[in-house]
Amino acid sequence: MQPHQAERLTKVLDDHGLEALVATREANVAYVTGFRGIEHTVFETPQLAVFSRRAVGLAVAAVEIASVVEERVDVDHLVCFDDFPAVYDDRPDADARRIREVVDARAASPADALAGLLEALSVRRGAVGLDESRLTPEAWHGIAARLGGVTLVPAAAHFRAARRVKSPWEIERLGLTLGLVEEALNEVVAKLEPGMTEREAAALYQSEVGKRGGAPMPATIATGKRGWIPRAAASERSLRAREAIRFDLGAGVDGYHASVARTA
């Protein structure tokens, strides 16, 4: 976590009288810990990151513990939940030992894992901000019942407020991402020709983003009469001579996103 990010989150705690903030949304978990889990992205498996004035904790599904350890995610407390059928050998490897330790001590559920993290961070009473943006009402009530003496308050807006103000480093990342999107788009425009389909143009854009180290976002490339559709998915329609084509494209680098809208 960048110092600026810790300062922003600490200000939220102070301004709202909170003992901790709990992130559930992918972008908020990454803001607190730097970790982005494939399991969560693909299968919407819960993940929880806890920020307090004293330390930071992360709870993920057991299947993701190896990734957290190998990526050297910098958190003070790491826990996991759910069963994961895995066998690790007994080699004297620090990463393997760490993975076994965390998996062997796994919690039965995300709520139990969160309770363990808050205990480790000495948060036993008072108000805790819980990011509701990835929780069902049933999940919220289940966590509230498990935590007992802690009072939960919605915190999605608090995370938005903290993330809204960018540090010089974050502004630099946004600028780099914007430049990457523009470079990739310029390559697409240069290679357009009659007969190329919208999907072929979108695939070309995604390839150009990947070459530059970015992660492409879904692309709107609409040709001719489809240009009026605000968020059109790329289709098999072919570009014809002397007709307009509309782009609404974006990409991310290190979790920072930029987009460009253009016609050609």
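## Salt bridges around R212

In this predicted model, R212 pairs with E183 in a salt bridge whose closest N and O atoms are 3.1 Å apart. The two partners are 29 residues apart and belong to distant parts of the chain, with R212 in the loop between α10 (198-211) and β7 (215-216) and E183 in helix α9 (residues 168-191). R212 is partly exposed, at a relative accessible area of 29%, and E183 is likewise partly exposed, at 45%.

R212 also forms a salt bridge with E208, the closest N and O atoms here being 2.8 Å apart. E208, with a relative accessible area of 4%, is buried, because that value falls under the 20% limit used for burial.

Within helix α9, K191 and E187 lie 4 residues apart, about one turn of the helix, and their side chains meet in a salt bridge at 3.6 Å, N to O. K191 is partly exposed, with a relative accessible area of 39%, and E187, at 30%, counts as partly exposed too.

| Salt bridge | Closest N to O distance |
|---|---|
| R212 and E183 | 3.1 Å |
| E208 and R212 | 2.8 Å |

Over the whole model, the count comes to 16 salt bridges. In general, side chains of opposite charge can pair when their charged atoms come close.

Methods: Residues are numbered from 1 along each chain as its sequence is written. This is a predicted model: local features need pLDDT of at least 70, side-chain atom pairs count only at pLDDT 80 or more; totals for chains, interfaces and linings use all residues. Side-chain values use heavy atoms; hydrogens and water are left out. A salt bridge is a side-chain nitrogen of Lys or Arg within 4 Å of a carboxyl oxygen of Asp or Glu. Helices (H or I, at least four residues) and strands (E, at least two) are DSSP runs, numbered from the N terminus. Buried means under 20% relative accessible area, exposed over 50%, partly exposed in between (1.4 Å probe, protein chains only).
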